[in-house]
Every structure is written in structure tokens, then in C-alpha cells.
Amino acid sequence: MARIVGRVDFEAVNRAALARVETVLMEWLPGGKVQGREWASLNPTRVDNSLGSFKVNLDTGRWADFATGDSGGDLVSLYAYLKKCNQVEAALALADRLRMPNTVSMPVGASKKPKKPQAGEWKPIIQVPDSAPKPTFTHSKWGAPSGIWAYRDSENRLLGYACRWDVTEHRKEILPRTYCQHGDQIIYDWRWKQFPSPRPLYGLEHLAAKPSARVIVTEGEKAADAARKLFPGAVVVTSPGGSKAAHKADWSPLKDRRVVIAPDHDESGRQYADSVAQLVRESGATEVKLLAWPSDRVITDGQVVDRGGDVPEGWDLADALEEGWMPKLVNQLDRYELFVPYPDQRPEPGADQPEGTPAGYQHRDDGLWFLSKSSEDGETWERVCSPIRVVAKIRNADSEDWGRLVEMTDPDGLSRQVPIEVAVVMADDSGLMRRLAAAGLEPADAEPKTKKRIKNYLIAASVKARAYWIKRIGWHELAGQIVFVLPDQIYPLNSTARLVFETEPRHASALRVSGTLEAWRENIGRSAVGNSRLLLVLSAALCGPLLHLVDEESGGIHLVGMSGTGKTTALMVAGSVWGGGGINGFLQSWRVTDNALESVAQAHCDLCLVLDEMGQVDGRQAGDIVYMVASGTGKGRAKRDGSGRPRHEWRVPVISSGEVTLANKVSEGGRRIKAGQQVRLIDLPIDSGANMGAFENIHKFETPEAFARYLKEVSTKYYGTPGRAFLDHITTHKGGLPAVADRVRRVRKGFVDRVVPQGSDPQVQRVAGRFGVFSAAGLLAVEAGIAPWTAEDVADGIIKSFDSYLAFRGSTGPAEIKGALDAIRSELQVFGQTSKYPIVKDGRLMDNSDQPARPPEIRGYRKRAEDGTWRWLIHPERLKHDILPAAFPTGLNEYLVEMGYVDPGENHGKPSATKTTVIPGESRRCKTYHFNPTTLDDDPEPGENDEENGER
């Protein structure tokens, strides 16, 4: 039924629009800005690169384009100009948007029922107003349609419909359904009228939602819907009016887009494709390709098989969908065979251009050129930049994070390859241009069009070559093969995997090589013989690639000792296994935050991390850093769009040094050490017991200082070769990596069985297992001919170092219990004879001067036993919260009773660590620990002094 509208109150609409003038102008003319009392912007209806030639008066609504002479007197006329509609349509649309009631009145004397309009007088409205009634689609001749497709603009606003009728098996009819105005009258209705030219494309709303996606153009809406299902990552469009009306459509939305044309299998389909190819090129598409669909193949029982006959005439993607094709099968097709250059885009025979050069670009000796087209100058070649060429498409091992490998020539004439993320290319120009400029690219000028042409080239260049883009050294699975990646080499050396490696230069530079392996063996490796600490750190440095093979966690050793005892020398010797050079060689500093250390740890993944001088780190962060490094995973972080960034990952042995233990460093930050931290990074005295600091054998040198100076000197001359030889050995092992892993596991188990005392806590066994992996690395180095030491040298050196660890630890029991006992001893040694522990005497509490104690100072109590020795009485809550350095460890009470450190009480017939006691001044009996003088003695191992313990 027709919609009848009376007179529109244009003044009221203009007043309402002016009241919100800046809001509506920001919506209609985005990117503009206020200049005085005018809104200056680009004219969106034409190609406009000059801000300011198009202005709107903010007080009156008058507007003008000074470049074209177009102008108007109010905001209604501006809206009509921008939306390409008449003034009435503009006023009605504005009234709807501004929620204005009563803007239309019936003219005086107007009939309530208009005259029936004459045929041929209806004019389609390009945008359907919200107030329009719902359409009907039943045709007087063909009935209800078999398909209905809604056309919408880029903002998802309805423009009209296309309807299809399958009249016979071989005949179809397609008609548009649009909202129309009758002549100049205010009469509206849905009619079978075509969209006005230039006609909108079907799918504009999807095109706007995916600005970087490939665009597939089909012939007809039914084929477009099928293409969306087959290519869910693409945007699919088509033009209205059939195969002969492509020239009447508006193809400008495909400017700067990559286009693939999917024609029907008939002559009209090929003609339509040729016409579309020309039109989208003229509209500025960056790439035009042809969908070479394997229409000779069909799907049977989920398998791609030969059709076994001719392809039906008129076959299209809707038929492919009905024949069983689905996205997962489409993904198996080779994109280079599926999306091919449109026929007239293929390089002419003899054209000397690199593979994949996009249409409109040329590579010349002096750089990249672009074919510019203008109405004034016609076609002219313009230089874009210095030489640059896309040589491969790159991605990570999971086929994600795609990018381009760009080969370019810098101002010095040096050729280099630079990986560029596609995400960077598709984002704003600044990030891309900074990256390219830093690598030496020289643009022809700073014009926006030049930057745009560089960006378009990087996206449009089509190359078949593929490479893996690796951003972390270490083990990777590439093309079904396990390989070890260094910045400049892949192991095994015969690997065929092509890759691009990228990491921070300051990390990659530490993996330099200097001197020969033989020179390293004679000057550094031989010096380690007879020196347990040097054999330990060299074996620990070599073990990095083994951790992954046997699923060993990250962790390591912290060499503790005074200044001048050889700690840094030992670290430099360890670092020489993998690299050196620069000021600090392979050494890294503890003086970083835990966030900064994430990238450092990842840059040393599967090698070793050498950290010098723990004293430089903030005590509040030391424990967190140990946990972070051992966990092998960095913090989760979000991108600007809210999605997660890839976490840093690593697996690495740690060799650290410092004048303070980890526990002391953590306590400096006001925190309590945790057993898990002490297991992951163990404290080991650098002094090997020969009164020469880190050394037991200084070989031909007269003093340990001279030996240390020599080791530092040769560590800066010979480095990097042992680690590479070690990788070559394990990746070419006769039994393969599984055999290497089995060898390491057997050595580790044998080491643990040999050195761990019976009844030791699992924490000690974990540390022994790590030392066992160190031992396996040292033995493999002997077998590979890398190290000049013997298997016996390795065993003796690492066992001696492990024994030093146990002695320094002071117990083979849980570290938590030892820490608790140390804290109790320290408390009683420092405060046990002070007024903080008043004497219980004659029913009163007395301080050291036989005066009553002040309650706020009381930490516990002491009294003399019958044998004349002291007993210290401490309430359990005081022990937990005031004395112990960490949480109350499991098993402490049982340990105190077993070792005889307390006078035991009784609980249900069993010994108890506490006794119920009457304390003077307390209102009730309470449980307290009764610590005896044995607490102050050294802590014997479980099982020792059993006879003495039994007498207590």
C-alpha cells in the first residue's frame, strides 16, 4: 500500500539539525575539524586530498565546495547532497534521525486517498527510511520468489532487495524490489524497480566489516551466498541486474582491495568476469585474480574425485556447495593454483620482472616504480622507493603470524632481508615506514601516496616461496622435523627447512664465534681438568639442549663467595661455550626487572643463562625472578585490542653468582625465602676447599690470581665453537635424538642413585637430578671429542660440587624444616638471654636484672631445669608469626621431637612437641614448646646420634 505524506516542515528540521550541528557533521563528514565558525573537511563524494576546500557554516548550515562550485543553504540540502537524494527524502530521513514528531502535515483540501499514480513515474530511493512499511514479494505472474536477498550499505542500512524465481528448470527470473517515490509527490511504495545508477553492490555491509579481507566477486546473489560458506574468511559481493549490467554498478568500494572474480561456467559468465576485472582495476583494486575452481572435481563420501563428465553449462559456486564442497576441503587446495592472475595481468613473454610483481609495478635497477594514471597526464611511471622486493611469505611453525620477507638494498649498496608482519603492513603507515626506514629503505618522497604504494606492493606481491619465521632460538618442529635453531644456523646441518630468524640484536650478537674448537679445548677446556667448579659450570652450560629432550625444568646453580674468589671468572668460562664478544661477552646482569629478564631468558632458550652478581638485583624481585625463570613462561599481556599477546617461553639452565645467598637477597626485600626458590636455584659455595677460591688446580700458573687472569683473557678470545659442535653431535647421533635422551636419563638416574643419601627429601633428589643432567652433558662432550677431560674427571668434579651443596645446605631433609630450625636457633642465640625471654622464678616473671618484665617485650619465657640448664618456653602462635621465616613447615613438630630439640609432652599417648604449662600471669594453662640447649647445636642428619637422642 502506498505511503501518503503531506507538507514537510523544512525549517523545523533545519533548526533541530543546527542545534546538534557538530554532532551531525562529525557523523556525515568524519575527519573534519572546526576552523573559526566553520567545519572544514574533505568532500567524501569525490577524490579530495585537500582539507579545507569543503566547508560548512556552523551557525547557518550553509555549505560550499570551492573546488567544484557545489553549494547549499542549509543542512537539509547538505544531507541531500551527500546521500544523493532529493530534499524531501533528506528532510524525512533527518526528522527520523532527530526523532522529530509532527514534521509533516497534510495540505489544506488534500484528499485522504491519492490518485493512482501513472506507470513509469516511480523513482527508487537509494536508502530506505526507517518509517517505510515492510515490503511484500509475491509477484502477480510468478508468485512467491525462491530467493530474497537484502541489499545494504556499508552502515548496514537497507537499500532494497533482489528476488529470484525459478520459472522452469532452465529459466530463472530476477527482479529488484526497491522503495520508490512517485514523481515529485510525497507518495511512496515498494515497486519492482531497479536501483538507480550507479547501483550498489550486494554485500557492502560485509565489505566494511572486513577492511583487509580478500574480496570475491560472483555472478549473482545465490552464488555469493555459497561463496561466503566456502570462503568464510573472505568478503563476497556481486552486482545487481545480471551479467550484462556490471558497468552500471558502483565498484568504487573495491578501491585498495584484493579482488578474486568467480565467473559462472558459460560465455556470459566469462564476459561478466572480463567486464568486472576492468571495472575494479579502474576503481583502484590493488590486485585482480581469477578463481580457477577445480570444477572437474566433485565430492563423494567426503573425498575429492573426478567428476567423470563435462562441467554443466552455467555451473557456479552454488553448484559446488550442493556437490559437497565445504571450507575444510577448500583449505586443502593450493592457493597458487586456486587464485591465479587474471589473464591479461600475466607478465608478457620475455618480461624481466621478479615472480609475483603486481600489476602496475616495475622493478628497476634504481628501485620500485608505479604506473600512475590521471585524467590530465594519462599513464606515467613514477619512482616509489629504493630497491625492494618480496621474496617469500613467512609464518611461524603453527602457520600463524604471517608476514613478508622483504629483500632490499640500503644506501651503502648492501643487500639485506627484513621480515615484516602483515599486521604491521595493514595497520597505520608509521610503524611500517619506521621499520623499513631503519633497515635502509629510501622512499622517493614523503607523500602519503608513496607510503600507500609501498604498502600496496607488500600486500599484492604474490610469491610461491615459503619460509618459517622463528623468533626464538632452540628446538622447533618445522615441516615434521625436529631442528635446533640458532640465528645463523640450523641443526642438523643437512636440514632443508627454510627459515627467517629474528630476535633482538643485542641477544643474537652474544652468540658469536671466535677462534677454533681446538684452541678452545687447549686453552679453556684443558684448564678445567682438576677444577670441580669449572667442570661443573662447563657441563651445566652444555646441558641446555638436553633439558627439552628429557623434559627437565629450568633452574641452576648460584655460586656464592666473597669478591676475588673467581665467581665471575667461572661465569666467563661457562659463557665461552656458546658465545662472547662485546663488553660482557655471554654474561647477563642480574640488574634487570623480572619483565626485562623475560626477553633475556627467551633469547637464551635451550642454551644457558649466565647471570653475574645477584647483589645488583632488588631483593623484592629476586625470588620472583627465580620462580619466573624456572617456570619457563612469561607474564600474560594484552594487546591494544584486548586479545592476548604471545607469551615469552624458554627452557634454560641458569649459572649465577653473587656475594650473598638467594635467601639473604630475598630477605633484604622484606620477604621470606621459599623452599621452591631454593630448589630451583641452589646456593653453592664457589670455594672448592683448596684455599684457592674457585680452583683446586692452577696448572702451570704461580698464583690463583694469575690463573684467573689467564682464563678471563682466553675466554674473550675463544668462544662459541663448543656449543655448536655439541649441537652437531646430538642432532646427528646414530640413534637419533631419542637415543640421546635415553642416554641422559640413564646417566641422571645413575648419578642420583650414587650421591643421594638414603631417606633424603625429594627436594635433594630434584637437585641431584639436575646435577645428573650436567654430568650427562659433560660425558657427551667427551664422546663427541669436544672436551679434553675424561669421564672420570666429569664424575669427580660434579660429585664433589654436589657434596659441597649438601654440606652448605646443612641437611638432606626438607629445606623448609632446616630454615625453620635456623630461625629458632638465631632467635635463641640473639634474644634467649635477654629480657625478651624473662625468667620464670618463684611464680613470677623476672628480667635479667631480677626486675618484673614489661609485657610488650616478651617473646617467650625461660626457666632452669633440674640439671641447671635453660629451657625456653615459646607459645605456638609466637613461633609461627614472630620467629619462623616462612609458613609453618609440615613435619616440623615431628622433627623437633625426633631430634630431641624439645622436651616432649604427650598427646593421646604419643609424644608431642608441646607441653601444657602454667605461666605466671596467664589466666589459664597453655601449650608451649620447651626448647632445650640441644637446639643450639649443629643439626645432625636424620638417623645420626640415635643413641644420644634416645637418652634425652
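Val485 stands opposite Ile490 in β30. The strands concerned are β29 and β30 (residues 489-491), which pair in the antiparallel sense over 3 bridges; two strands pair if DSSP finds at least two bridges between them. The model is predicted: local features need pLDDT of at least 70, side-chain atom pairs count only at pLDDT 80 or more, and totals for chains, interfaces and linings use all residues. Residues are numbered from 1 along each chain as its sequence is written, and side-chain values use heavy atoms, with hydrogens and water left out. Helices (H or I, at least four residues) and strands (E, at least two) are DSSP runs, numbered from the N terminus.

β29 and β30 form a hairpin with 2 residues between them. On its other pairing, β29 (residues 481-486) runs antiparallel to β28 (residues 474-478) over 5 bridges. Here Leu478 stands opposite Gln481 in β29. The hairpin of β28 and β29 has 2 residues between the strands, and Ala479 takes a positive phi near 55° in it.

Strands of a sheet pair through backbone hydrogen bonds, either parallel or antiparallel. An open sheet of 5 strands is ordered β3-β4-β5-β6-β7, and its pairing is antiparallel. The edge strands, each pairing on one side only, are β3 (33-35) and β7 (71-72).

Within this sheet, β5 (residues 54-57) and β6 (residues 63-65) pair in the antiparallel sense over 3 bridges. Lys55 stands opposite Ala64 in β6. Helix α3 (residues 75-83) packs on the sheet and touches β5, β6 and β7; the direction of α3 makes about 150° with that of β5. Contact means heavy atoms within 4.5 Å. Axes are lines fitted to C-alpha atoms, for helices over the stretch in contact, and angles run from 0 to 180 degrees between N-to-C directions.

Ala93 lies in helix α4 (residues 87-97) and is buried at a relative accessible area of 17%. Buried means under 20% relative accessible area, exposed over 50%, and partly exposed in between (1.4 Å probe, protein chains only). The C-alpha atoms of Ala93 and Val76 are 9.5 Å apart, with the two residues 17 apart along the chain.

Helix α23 (residues 704-715) has 12 residues and reaches 16 Å from its first C-alpha to its last, close to the 16 Å expected at 1.5 Å a residue. The expected span is 1.5 Å times one less than the number of residues in the helix. Buried residues of α23 include Phe707, Tyr710, Leu711 and Val714. What covers the buried residues of α23 includes α15 (517-525), α16 (532-542) and α18 (567-575).

## His558

His558 is found in strand β32 (residues 555-560) and is buried, with a relative accessible area of 0%. A polar atom of the His558 side chain lies 2.9 Å from the backbone oxygen of Val660. Leaving aside neighbours within four places in sequence, the residues in contact with His558 include Met614, Ser656, Thr661, Leu681 and Asp683.

## Cysteines

How many disulfides does a search of the whole structure find? The search finds 0, a disulfide being a pair of cysteine sulfur atoms within 2.5 Å. For Cys608, the closest cysteine sulfur is in Cys543, 8.2 Å from its own and therefore too far for a bond. Cys608 counts as buried at 0% relative accessibility. Cys180 is buried as well, with a relative accessible area of 0%.

Technical notes: Polar contact = N/O pair within 3.5 Å; in protein donor to acceptor, adjacent residues only side chain to side chain.
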